[in-house]
2 protein chains.
Amino acid sequence: MATGGGAYKYYDEMKRILGVEVLREDEMECLIMGLDFFITEIPREVFTYSETDPMQFEEPRADIYPYLLVNIGSGVSMVKVSGSKKFERIGGTSLGGGTLWGLLSLLTGARTFDEMLAMADKGDNTAVDMLVGDIYGTDYSKIGLTSTTIASSFGKVFKMKRQGETDAEDGNGMHNGEAHEADGSSSSERAFAPEDISRSLLYAVSNNIGQIAYLQCEKHHLERIYFGGSFIRGHQQTMNTLSFAIKFWSKGEKKAYFLRHEGYLGSVGAFLKRQPKNWGRRNSFEEG
Amino acid sequence: MATGGGAYKYYDEMKRILGVEVLREDEMECLIMGLDFFITEIPREVFTYSETDPMQFEEPRADIYPYLLVNIGSGVSMVKVSGSKKFERIGGTSLGGGTLWGLLSLLTGARTFDEMLAMADKGDNTAVDMLVGDIYGTDYSKIGLTSTTIASSFGKVFKMKRQGETDAEDGNGMHNGEAHEADGSSSSERAFAPEDISRSLLYAVSNNIGQIAYLQCEKHHLERIYFGGSFIRGHQQTMNTLSFAIKFWSKGEKKAYFLRHEGYLGSVGAFLKRQPKNWGRRNSFEEG
């Protein structure tokens with residue numbers, strides 16, 4: 001049994017080298033089937049996450065439909081699951097892991113996702129993000145914004161960079177008391193630390209996915225949101241920011257759910273697909 | 001009459017230098033008041049936009065409530081307007097003009113928004129974006145994705161950059177037939193043109209705003225979407241991409257509306273606020 005892009009890409013080689021018959025199954029179908037199995041059957045599998053309270057497990061349960069699956073890889077797919085084997089892709093966004101990885105590899109020189117997350121961990125997004133307080137000097141509470149809300153991701157960069165360049169052109173750079181780099185690059189170009197950039201972009205991508213997921217739930221009347229995909233896999237910061245985002249946008253009404261065996265959904269689903277009909281824990285309990 | 005951040009920032013100077021009394025009005029209230037006035041009263045004001053059919057004017061009309069105002073400056077505010085002087089900020093996103101300007105000033109060296117748009121105009125986003133066809137080789141029509149849909153903004157960058165670096169380390173860079181730069185930088189670092197990066201990010205930001213605006217309309221049952229703010233002002237490409245995004249996400253059911261005098265909403269609103277009650281075109285027609 002095989003699924004995913006590799007099931008097609010390596011089909012001939014698997015058959016030839018391993019000398020086996022290869023049965024290819026649809027990726028999304030397998031993913032959902034595996035997910036359903038894990039959610040409904042496996043104890044200590046589904047959990048919520050926060051920095052202060054990491055990995056709080058939920059009991060497995062059968063009354064889960066309809067729910068939203070948010071699968072975050074390079075891009076993001078949002079899938080409404082209304083019953084066992086009944087699902088529909090209702091949306092997604094092109095701003096996903098690939099966007100974060102791509103932009104950060106250009107901006108910071110980081111070469112792995114782990115390097116990027118380690119940087120983000122040390123960064124301060126308020127050095128590059130424009131907060132509501134930066135614009136109004138205070139809360140704009142009349143329209144429900146607190147001063148620490150991010151008004152514009154990277155909103156400080158353009159203005160500060162332009163100011164730095166203008167200063168350099170005017171010769172002000174010589175008199176402003178800042179140390180100059182030995183390699184001759186102006187201080188303005190060094191003003192934005194890779195750590196701060198990383199944290200800002202991690203927040204931007206996570207918050208955005210959180211908001212869209214929340215709005216899709218509202219539109220389609222979905223109660224629970226499960227997250228999966230390589231953006232999540234084992235990365236505490238992405239779980240933390242996504243959990244925060246869902247809580248923020250839903251005003252505390254919704255939670256983000258994660259799975260321990262999230263990396264195996266597709267393969268478990270493909271495996272399950274070929275089992276006899278009455279196989280599985282669920283059916284082993286059914287007596288009438 | 002004054003409104004906006006400047007009404008507070010320059011309050012003392014205006015009073016002192018101009019020797020006048022300065023009346024400060026709430027920014028959002030003035031903006032909505034001006035917008036309402038333009039939409040309901042002024043002919044040849046509201047228009048839809050597309051590359052093939054630029055500036056199609058709509059008739060002014062009174063039955064517009066409730067509608068959505070999407071104000072795109074550094075950040076994005078989404079405001080539900082349910083009646084004259086009745087409005088509520090229902091959401092927004094920190095991914096706005098400031099994000100585009102900030103990231104592009106870091107990535108491309110462009111120094112003005114016009115430079116960025118001129119670059120975007122010449123660029124090809126498929127050089128940096130990962131399309132559905134890049135992943136599956138074809139449409140993934142089972143879940144409603146065509147091969148030209150953007151699956152991941154900047155999704156090609158991380159992979160290609162890593163490949164380039166691995167090649168350079170392995171010495172493959174010397175044998176792959178590509179010309180090397182005289183300054184010694186490897187070709188992999190030059191692989192992403194500022195034009196392509198600009199177009200990709202313009203698409204990403206516009207599509208994202210379009211999707212969130214559409215979902216907010218669904219949640220709040222709003223029919224029409226008006227766009228304003230400095231991201232829009234006179235920039236044909238941003239009107240074009242936003243119009244496309246609204247059409248795309250709503251499956252052709254919704255249109256993006258723009259205003260000719262969009263840059264004057266706040267000041268016209270502040271002006272109107274101090275008029276006698278029965279001033280204005282609307283009231284001048286009311287006879288009983």
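Predicted model: local features only at pLDDT ≥ 70, side-chain atom pairs only at ≥ 80, totals over all residues.
The size of an interface is often given as the accessible area lost when the parts come together. For chain A and chain B, the buried area is about 4,600 Å², with carbon and sulfur atoms giving 61% of that value. Within the area that chain A buries against chain B, A:L106, A:R111 and A:F158 supply 14%, more than any other three residues. The contact involves 54 residues of chain A and 54 residues of chain B.

Several elements of chain A each supply at least two residues of the side that touches chain B, namely α3 (27-41), β7 (86-93), α4 (97-107), α5 (113-122), β9 (150-152), α7 (157-170) and α8 (194-220). The largest share, 10 residues, comes from α8(A). Divided by class, the side of chain A that touches chain B comprises 26 nonpolar, 16 polar and 12 charged residues.

Over all chains, a search of the whole structure finds 24 aromatic pairs. A pair of aromatic rings is described by the distance of the centres and the angle of the planes. For A:Y226 and A:Y257, the ring centres are 5.6 Å apart and the planes stand at 35°, so the pair is tilted. This pair links distant parts of the chain: A:Y226 belongs to strand β10 (residues 225-228) of chain A and A:Y257 to strand β11 (residues 256-259) of chain A, 31 residues apart. Both A:Y226 and A:Y257 are buried.

In chain B, the aromatic pair of B:F47 and B:F57 is edge-to-face, with 6.1 Å from centre to centre and 75° between the planes. Because B:F47 lies in strand β3 (residues 46-48) of chain B and B:F57 in strand β4 (residues 56-57) of chain B, the pair ties together parts that are 10 residues apart in sequence. In chain A, one aromatic cluster is formed by A:F47, A:F57, A:F227 and A:F258.

A:G92 is located in strand β7 of chain A and is buried, with a relative accessible area of 4%. Leaving aside neighbours within four places in sequence, A:G92 is in contact with A:V76, A:S77 and A:M78, and also with B:Q211 and B:W249 of chain B. The C-alpha atoms of A:G92 and A:M14 are separated by 32 Å, the two residues being 78 residues apart along the chain.

B:G269 is found in helix α10 (residues 265-273) of chain B and is likewise buried, its relative accessible area being 0%. When residues up to four places away in sequence are not counted, B:G269 touches B:C30, B:M33 and B:G34. Between B:G269 and B:T112, which are 157 residues apart in sequence, the C-alpha to C-alpha distance is 29 Å.

Notes
Residues numbered from 1 in each chain as written. Chains lettered and ligands numbered in written order. Heavy atoms only, no water. Contact = heavy atoms within 4.5 Å. Buried area = accessible area lost by both parts, 1.4 Å probe. Helix = DSSP H or I, 4+ residues; strand = E, 2+ residues; numbered from the N terminus. Nonpolar A, V, L, I, M, F, W, Y, C, P; charged D, E, K, R; others polar. Phe/Tyr/Trp six-rings, centres within 6.5 Å; stacked < 30°, edge-to-face > 60°. Buried < 20%, exposed > 50% of the residue type's maximum accessible area, 1.4 Å probe, protein only.
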